Amino acid sequence: MERPEPELIRQSWQAVNRSPLEHGTVLFTRLFDLEPDLLPLFQYNCRQYSSSEDCLSSPEFLDHIRKVMLVIDAAVTNVEDLSSLEEYLAGLGRNTVQWTVGEALLYMLEKCLGPAFTPAMRAAWRQLYGAVVRAMSRGWDGE
């Protein structure tokens, strides 16, 4: 298995991590555009959201966005030793609905970084995301 390029990932994440909530909102907006059926999965205090805009503006969902961005930040911090995150990610996997967020993640990075988001950077992020999904899927398999 090819390992992600740590420097490309850290360099690109530095720009994103200056405004994690803003960029996390871009990620989830894209995710709901790609998979509208995911919206009903997010409900807080038994409240269904009528639209993605309604969901994305709720304090509870903004807290969820912050947590997701912290998970990505942990993966970036440990990019050279993802095995140190494996137990944590596998635990998340047991509590997370499986869906493809990779496309939304790449979209967010592209929107944040613009032309600085090079093909090599895209490839490095795909590798990191793949490693995270594999670790989380071990949690799903263990259900």
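Which residues does Trp125 touch, not counting residues up to four places away in sequence? In this predicted model, select Trp125 and display its surroundings: the contacts are Leu8, Ile9, Ser12, Trp13, Ile72, Val76, Leu105, Leu106, Leu109 and Phe117.

Next, select the largest nonpolar core, which has 37 residues. Trp125 and Leu128 touch the most other members of this core. The elements that contribute two or more residues to the core are helices H1 (6–16), H2 (20–34), H3 (52–56), H4 (59–77), H6 (102–113) and H7 (119–141). Helix H4 gives the most, with eight residues.

Turn now to the charged side chains, where the count comes to three salt bridges.

For one of these, select Glu80 and Arg10, whose side chains meet with an N to O distance of 2.9 Å. Glu80 lies in the loop between H4 and helix H5 (86–94) and Arg10 belongs to helix H1, so this pair ties together parts that are 70 residues apart in sequence. Glu80 counts as exposed, because its relative accessibility is 52%, whereas Arg10, at 28%, counts as partly exposed.

Continue to Arg122 and Glu110, a salt bridge with an N to O distance of 2.8 Å. Here helix H7 supplies Arg122 and helix H6 supplies Glu110, so parts twelve residues apart in sequence are tied together. Both are partly exposed, with relative accessibility of 24% for Arg122 and 39% for Glu110.

Finally, select Asp63 and Lys67, which form a salt bridge with their closest N and O atoms 3.2 Å apart. The two residues are four apart in helix H4, so about one helical turn separates them. Asp63 is partly exposed, at 33% relative accessibility.

Terms used:
Residues are numbered from 1 along each chain as its sequence is written. This is a predicted model: local features need pLDDT of at least 70, side-chain atom pairs count only at pLDDT 80 or more; totals for chains, interfaces and linings use all residues. Side-chain values use heavy atoms; hydrogens and water are left out. A nonpolar core is a set of buried Ala, Val, Leu, Ile, Met, Phe, Trp, Tyr and Cys residues joined through side-chain atoms within 4.5 Å. Buried means under 20% relative accessible area, exposed over 50%, partly exposed in between (1.4 Å probe, protein chains only). Contact means heavy atoms within 4.5 Å. A salt bridge is a side-chain nitrogen of Lys or Arg within 4 Å of a carboxyl oxygen of Asp or Glu.
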